[in-house]
Amino acid sequence: MNSLVSRIINCYRYKDLIFQLVQKDVKLKYRRSFLGYVWSILNPLLIMLVMVIVFTNMFRFEIPFYPVYLLIGQTCFNFLSESTNQAMFSIIGNASLLKKTYVPKYIFTISKISSSLVNMLFAMGALVLVCFICNVKLSWSMLFIPVVVLEIYTFCMGVGLFLAQATVYFRDVQHIYGAFLTAWMYLTPIFYPAESLPKILLRLIKYLNPMYSYVTQFRTIVLNGCLPEPKLIVYGISVAIGVLLFGTWSFYKNQDNFILYI
Amino acid sequence: MIDNNEYAINVQEATVRFNMASERIDNLKEYFVKLLQRKLMFQEFLALKNVSFQVKKGEAWGLIGTNGSGKSTLLKLVCGIMKPYKGKVTVNGTIAPLIELGAGFDGELTARENIYLNGAVLGHSKKYMQNHFDQIVDFAELWDFLDMPIKNYSSGMAARLGFSIATVVKPDILIVDEVLSVGDWAFQQKCQARMKELLEDGVTLLYVSHDIDSVRGLCNKAMWLDKGVQKMSGDVNEVCEAYMQLQRVER
């Protein structure tokens with residue numbers, strides 16, 4: 001417990017570095033591109049547009065406010081996908097720096113996931129735009145959205161830390177994770193309604209897929225204008241904290257040996 | 001415990017072990033294949049064997065030895081980049097490592113942005129870097145090139161910037177690993193002058209170099225490492241003389 005406290009203090013000491021690294025990622029993402037930051041909003045909008053056209057014309061799902069329904073799922077899942085993929089390479093990608101100076105290794109993972117969070121916040125700007133166009137009513141429950149975002153952030157941090165240290169030892173983790181993520185995407189009701197799944201599968205997803213909880217929480221707040229079920233919130237928070245603890249534990253157990261494998 | 005406070009660096013019986021498995025196993029298939037073949041051998045390579053040395057505050061130590069003798073490994077131990085397999089390393093004070101100039105530089109960013117980034121990597125706050133910004137650019141003489149991406153810099157310019165950022169703060173312990181071989185004569189003179197200035201202020205120095213003359217010039221003590229073993233340590237002139245003797249004989 002003592003070392004946990006001292007580690008958190010150490011982390012705070014390096015907050016400038018985390019901020020600098022996030023700033024660097026955000027700056028470099030669109031440097032030298034013509035449209036620049038506009039892409040952060042335009043990109044999710046364009047993808048959503050394509051999906052809306054495909055799914056309302058090819059498969060008929062009767063979901064009210066379908067664009068918003070879709071965009072929420074897409075934004076959350078993109079955050080998971082981008083942040084964990086970036087975090088996976090955060091240690092081996094910074095190998096040269098780690099071999100030359102002492103920097104706490106988790107700093108890189110934290111900074112990659114935080115950069116993705118910044119991108120998600122921009123994408124939520126697109127979400128606001130679409131809500132406005134689709135005439136979704138504002139409600140007080142929207143103040144709860146930051147809590148959901150924090151839940152997803154914590155969850156991704158745990159997954160990212162685990163992946164970062166696993167990739168140092170076994171480079172094939174990146175390939176395995178790619179396939180895993182694709183399956184995960186189809187098992188999360190992003191572009192189809194949850195009810196269209198067979199009952200058994202739906203039950204499994206509700207219990208084993210944390211993304212279902214986060215996406216549903218978000219959707220309930222925006223589309224139904226009320227707070228999500230407490231059961232869902234408790235599940236979401238406890239899974240996020242559990243995964244974070246697991247990721248941190250696996251990272252700390254192995255971090256002293258990273259230098260020998262990068 | 002009073003002893004510990006006197007010493008800036010205290011290395012006790014440190015051993016560093018590497019696994020020289022003949023084929024690098026970095027994917028799952030190889031791992032399982034080797035596991036089944038019972039070939040997960042551990043080919044031990046000891047980069048440092050039972051090295052012990054103490055550095056008092058304000059001393060300037062030179063580390064000399066042939067290539068592959070473990071000097072850089074010892075520096076990495078002191079910096080905290082590696083942990084010893086056996087033994088203990090205690091350090092009292094802030095460290096400024098110069099193991100590679102511009103560690104943390106990102107080629108796509110401009111010099112201005114890299115100053116803040118590099119400063120943060122070394123542990124300085126943005127405010128601190130802002131306060132010392134002019135000082136850094138003055139030493140590096142890069143006023144005209146501040147807003148150019150670093151990938152367009154010459155290696156000398158990048159080295160000047162790196163050295164300038166690393167030495168802007170007065171650390172308690174300065175660790176220099178053969179970085180001065182990059183850069184022209186004027187740069188080397190400037191760096192030597194800056195290091196002498198820091199030494200006069202009481203900074204502890206660990207200096208690795210193959211240029212024995214510069215070691216003699218900067219340091220008052222020296223240690224000779226040979227294949228991970230401490231061969232000799234003491235006064236800089238004695239150790240350098242012994243080392244040079246051996247080099248001459250071997251030729």
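A crossing of two helices is called left-handed if the near helix is turned anticlockwise from the far one by less than a right angle, and right-handed if it is turned clockwise. In this predicted model, helix 11 and helix 12 of chain A cross in the left-handed way. Because the model is predicted, local features need pLDDT of at least 70 and side-chain atom pairs count only at pLDDT 80 or more, while totals for chains, interfaces and linings use all residues. Residues are numbered from 1 along each chain as its sequence is written, and chains are lettered from A and ligands numbered from 1 in the order in which they are written.

**Chain A as a whole**

- Chain A holds 13 helices and zero strands; here helices (H or I, at least four residues) and strands (E, at least two) are DSSP runs, numbered from the N terminus.
- The radius of gyration of chain A is 19 Å, close to the 18 Å that the globule rule gives for 262 residues, so chain A is as compact as a globular protein of that length. This radius is taken over C-alpha atoms, and the rule is 2.2 Å times the number of residues to the power 0.38.
- Along its principal axes, the C-alpha trace of chain A spans about 55 × 45 × 35 Å.
- Of its 262 residues, 36% count as buried. A residue is buried if 20 or more other C-beta atoms lie within 10 Å of its own, exposed if 12 or fewer, and partly exposed in between, with C-beta atoms placed from the backbone.
- Among contacts in chain A between residues at least 6 apart in sequence, 79% join residues at least 24 apart; two residues are in contact if their C-beta atoms, placed from the backbone, lie within 7 Å.

**Helix 11 meets helix 12 in chain A**

- Helix 11 (residues 210-224) and helix 12 (residues 230-254) of chain A pack at an angle of about 130°, with their axes 9 Å apart. Axes are lines fitted to C-alpha atoms, for helices over the stretch in contact, and angles run from 0 to 180 degrees between N-to-C directions.
- Which residues meet here? A:Pro210, A:Ser213, A:Tyr214, A:Thr216 and A:Gln217 in helix 11 touch A:Leu232, A:Ile233, A:Tyr235, A:Gly236 and A:Val239 in helix 12.

**Two residues with positive phi**

- Most residues other than glycine have a negative phi.
- A:Phe65 has a positive phi of about 55°, and lies in the loop between helix 3 (38-57) and helix 4 (66-88) of chain A. With 17 C-beta neighbours inside 10 Å, A:Phe65 counts as partly exposed.
- B:Lys227 has a positive phi near 50°, and is found in the loop between strand 8 (221-226) and strand 9 (229-235) of chain B. B:Lys227 counts as partly exposed because it has 14 C-beta neighbours inside 10 Å.

- Chain B has ten helices and nine strands, and its C-alpha atoms fill a box of roughly 60 × 50 × 45 Å along the principal axes.
- Of the 251 residues of chain B, 38% count as buried.
- The contact between the chains takes 25 residues from chain B and 18 residues from chain A.
- On the chain B side, strand 1 (7-19), helix 2 (28-36) and helix 4 (111-121) each supply at least two residues, and the largest share, four residues, comes from helix 4 of chain B.
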